[in-house]
Amino acid sequence: MALGVLLFAGCNRDNEGIEVSESQLYGLWQKQGTQEYWSYREDGTGHTWDRADGIMNETDSGSVAYSWTISNGDQLRHRFSGTNIGDMVVRTYTITAISDSEMEREEEIGNYKLLRVE
Amino acid sequence: MKKGWKIALISLGSLLGVLLLAVCIALYVVFNPRQLTKIVNRLAADYVMCETKFGEVDLTLFKTFPDAGLKVSDVYVINPMEGAPGGEVVAYVGNLTVGVDVKKFFKEGTVVVHQVLLDEVTANLYIDKDGNSNFDIFPKSEDEDTSSAPFSLDSLPEIDLRKVKISNLDASLLDLKDGLDATLNGVGLEVEGRLQEGIVDADIDFKGDVVSLQTTDSIGDTTMSAQAENLKVALNAKGNMEQVAGKLKLELNEGLFMTGGIQMVSDNLYESSSDLLTVELPFDANLKDMTVKLGDSRLKLDDYALNISGDVRLDPMWVDVAVETDGEWQAAELLEKLPKEFITWKKGMDLDAKVALRATAKGSLTDSTMPLISAQAQLADGRFYMPTAVPYKVNRINADLVANLDLGNGGVSDAVVKSLKAHTQGTDIKLSGSIDDLLGDMRIDAALKAALPLEDLVPILNDSSLREAGGDADVDLKARFRLSDLDPLDLNRLNADASIALSKLDVVYDSIHAVAPKLDVALRLPATEHKGKMADVKVVGPKLKLAMGNIDARIDNPDLDIGLNDVTREQVAAAFDVKIGDAEANIDSMMVSLEGLKLKGSARLDSTQQNIIRQYNPDVDIDLHGAVLYMPELPDAVRLSQLAVAYRPDICNIRSVEVKLAHSDFQLYGDVENVEGWIDHKKVLRGDLNFTSGYADVDQLLSLISGMGTDPDTLEQMRQEDNVPADANPFIVPKDVDLTLHTHIKRSVAFGNDLNDVAGAVTMRGGKAVLDQIGFVCKAATMQLTAVYESPRPDNLFVAIDFHLLDILIDELIDMIPTIDTLVPMLSAFQGNANFHLAAETYLNARYQPKMSTLLGAAAIAGNDLTVLDNNTIASIAKIMQFKSWKDKDNKIRIDSLDVELTCFRKVIEVYPFLLNIGKYQICASGMHSLDNQCGYHLELLKNPLMAKVGVDIKGDLSSPKISLGQVKYADYYRPDKQGVVEKQTLELKRLVKQALEAKVR
């Protein structure tokens, strides 16, 4: 049993992800089933906001700014900057699928789909 | 004109001489009319330079008995002169009779004239513009100019004249040079007595049907016109050519007299049944000195008689005369008989009194001087009613007045009101005083005493704002001022002392209702206590009730000492020293109770301002012993036990304020600037205050200043737009303020937590509230909080915090901040002391609930010698990782150290890899979980007795996660890096705080 555990634990999973180009993200996306929006600009910046909290667009206070990059083909990395405090919070999602109208993102605690708005 | 009369008299005398001469001649002729006529005509030619004509000259004995008379008929004096209204005839006498003493004639051969009788006399005297007259008909003496010599009866032949009678005289005098036009019609003049050797003893009776006199100015306009009808003058005179005594009586039945365009005899006077004028004038005249001593004379105009006595000198004119009314005159009736031009002031006025006058006039009457007149007037039982000025009747007027008049050039007159008493409605008025420079700019020194019901003032003041005035006023006023100070009113020049004792005061002025059982008001102009001010005003009383709009106040022992500047200015300024014993006021639903209030300073009222500070512009020291404030917004009263404030236009120095609110108490002192500008949103309210407290309910205190400076309507509108629940009342950072509170609070409660020994600076500036490294103790743990709070909208609040707790029991930490358990779910499994450091920012809704989409944060938890509570999850993990003997003997799981760092974004918390040392095992853990209870953690056994690597994944619902073997991720001897995310976030927050504190706000 212990050996089995060690053998299993010693195996590495290969990266089988897709190759995503940054240009595929440019634009505005809405998290499916929510009022949460994400924008991706060509300069590598963006905003996310949630109209459910009364934040109606990216210029409203409460809209969270971030910088974003893609690495390893499908790793979408965000570095969030607060309204008043720094950009220490980092989140990386895995893009599992992307098309002109949809994008699927995955993180440790779940998957969700974003629909292109613009 | 005097010269004209003189010439006329000389001419008349000369004519008389001629006539007497004719009589003498007649006596030498044997009573032959023809001879007499020839003689008269011839002699007349010698004495008269103009043509004369005589009818028949005859002797008569009966008409002049016992004297012999020479009667001459149809005597004409003819002197043609261009423009003369009577043509060429200057005078005509129908019958001239001269009576001669027959005895003297026959015994002594002398002609002594006893009688001169003229009947049917007509005279047409005329003086042209050059002064030439038609009656200048007598030859002038070669030795002297008779025209300039004074006339004297001594110049006449020696006579013993006993009767002169002129009947049916019609005469006119037209003087173009001096503008005189006089006529006499139906005049009869009879003189009986003796004129002998300069001795006069005569009774002269003059009766004229119509006597008229008119003067004109240089352009021919009438300057004076007089007409007397039925004029009777009786003169009794005895004396010689130097001293004559006698009595003059004059009766004028009717007449008119106009001068200056004013008819002095009014219609009422003219139509009166009484004689227009009667005069009784005993006199003793010295013709040489031209002085007249008047006996007890009486002059009566209509029914108004004056008693006159004194001395008069004619040239130069000088008088020393006493005049008094004969009894009392009824003013109303007298006024009705004055020319209407003189009583225009009386229009709309009812005025009457019994008037008694007594006056003396003494002094010279020249071009520049007038006799000094001293007059006393007594008014009794008078009344006055003039609705436009005083809308009620004043009666029972009694006065004793004295006036001294100097009507000459530069003369100064004065008057004294010895006493004046009057009564109106329920008011008694007493007035006394003096008036200097009566006919110039009157200088009045008056004392007035009045006891009046205040309601009597309402119609006088004619102020629509004064709606009701109840109570009584006992006024004692002394004033000195010039009349010119009243128009326009110049209160700065008035000198007055007034004391007004008000009782049962009940006044409604505009929206102010004042009630006081008793108030003593003292007024002093100019101010003596408040130097430089116009007036001192003192108000003292036992109680005063005021109602003003929504304010209803009761004041005990008010003591107001005010120095006012000119109240007629647009902006009234006052220096004041106000003391109030106790006071209570209800303002809307708020109630204030004051104790021992003192206000000392100055204020300037400017009603044009909206800003309440600028309306009063106070510069005042406020000292208050105690106050209680009840506000509906507060469940408990606010109690001030001490207040000392010095308010200046540029700075408000709060020297000391001690406040108790519910269980809170605090003392406040420091400076606040720009209160005035802040109210009208033009300046920032700046303040640097020290706040010390034994106990403070922070939530309650914050609610007191929440929204300060923001328009309530605007705030309410935002609440409605944001659909803020009524029970949610977030703290709104005061607007346009720059306030720093240096706090030191022993005990406090804030957001449900008991905080002790709170110390640090709280700053509100630029819409931000900043807590700069506030230290406090909570649950025996020392904490430090740095925070920035903003409230742009009630439902969109922002908070950024840096919260540092040292050596706190984890249980208490979770109890104090339940959110910690959400952020770090596994923390609840630990026991022991830890250090906790949280840096985060988020927007909040009106209930202070985070808007999770905006939440960003980082936290670090570090502890040593912790104990882990056993549970199923841990047991499952331990089982998979093949833990053996990892618990202590007491079955507790001990952890040497814990050092966790995590970040939070929205609902997802990411825990960075950290090490757990549990006995002989070392685990590295990392992962994330969401506030939706989803987790994805990875644990990896790094060190164990078997040296085997084992990875465990924990996924799914946090309450029952799926625990399974996972991929090994870490290399041997892996040591997770210290991320330092919290420190970095803290640095960012400190930068933000620094920016906020250094921000230049307007």
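S664(B) lies in strand β35 (residues 664–673) of chain B. Strands (E, at least two residues) and helices (H or I, at least four) are DSSP runs, numbered from the N terminus. S664(B) is buried, at a relative accessible area of 1%. Buried means under 20% relative accessible area, exposed over 50%, and partly exposed in between (1.4 Å probe, protein chains only).

This is a predicted model, in which local features need pLDDT of at least 70, side-chain atom pairs count only at pLDDT 80 or more, and totals for chains, interfaces and linings use all residues. Residues are numbered from 1 along each chain as its sequence is written, chains are lettered from A and ligands numbered from 1 in the order in which they are written, and side-chain values use heavy atoms, with hydrogens and water left out.

**Around S664(B)**

- A polar atom of the S664(B) side chain lies 2.7 Å from the backbone nitrogen of D697(B).
- S664(B) touches V659(B), Y695(B), A696(B), D697(B) and Q700(B), not counting residues up to four places away in sequence. Contact means heavy atoms within 4.5 Å.

**A516(B) in strand β25**

- A516(B) is found in strand β25 (residues 512–525) of chain B.
- A516(B) counts as buried, at 1% relative accessibility.
- A516(B) and S503(B) are 13 residues apart in sequence. In space they are 7.1 Å apart, C-alpha to C-alpha.
- Leaving aside neighbours within four places in sequence, A516(B) is in contact with S503(B), K504(B), L505(B), K543(B) and L544(B).

**Helix α10 of chain B**

- Helix α10 spans residues 712–721 of chain B, and its buried residues are L715(B), M718(B) and R719(B).
- These residues cover an arc of only 100° around the axis, which puts them on the same side of α10(B). The arc is that of the directions from the helix axis to the C-beta atoms.
- An α-helix has 3.6 residues a turn, so residues three or four places apart point the same way.
- The buried residues of α10(B) pack against β40 (781–793) of chain B.
- The face turned away from the buried side of α10(B) carries the exposed residues D713(B) and Q720(B).
- Just after α10(B), N723(B) takes a positive phi of about 50°.

**Aromatic pairs**

- Over all chains, the structure holds 17 aromatic pairs. Rings of Phe, Tyr and Trp (its six-membered ring) pair if their centres lie within 6.5 Å; planes under 30 degrees apart count as stacked, over 60 as edge-to-face and the rest as tilted.
- W38(A) and Y93(A) form an edge-to-face pair, with 6.4 Å centre to centre and 90° between the planes.
- W38(A) lies in strand β2 (residues 36–40) of chain A and Y93(A) in strand β6 (residues 89–98) of chain A, so the pair ties together parts that are 55 residues apart in sequence.
- W38(A) counts as buried at 1% relative accessibility, and Y93(A) counts as buried at 4%.
- F798(B) and Y843(B) form a tilted pair, with 5.0 Å centre to centre and 55° between the planes.
- That pair links distant parts of the chain: F798(B) is in strand β41 (residues 796–809) of chain B and Y843(B) in strand β43 (residues 833–844) of chain B, 45 residues apart.
- Both F798(B) and Y843(B) are buried.

**Ring cluster and charges over rings**

- Ring pairs link Y26(A), W38(A), Y40(A), Y66(A), W68(A), F80(A), Y93(A), Y112(A) and F905(B) into a cluster.
- K31(A) lies over the face of Y112(A), at 4.2 Å from the ring centre. A charge sits over a ring if NZ of Lys or CZ of Arg is within 6 Å of the ring centre and within 35 degrees of the ring normal.
- R105(A) lies over the face of W38(A), at 4.2 Å from the ring centre.

Methods:
Polar contact = N/O pair within 3.5 Å; in protein donor to acceptor, adjacent residues only side chain to side chain.
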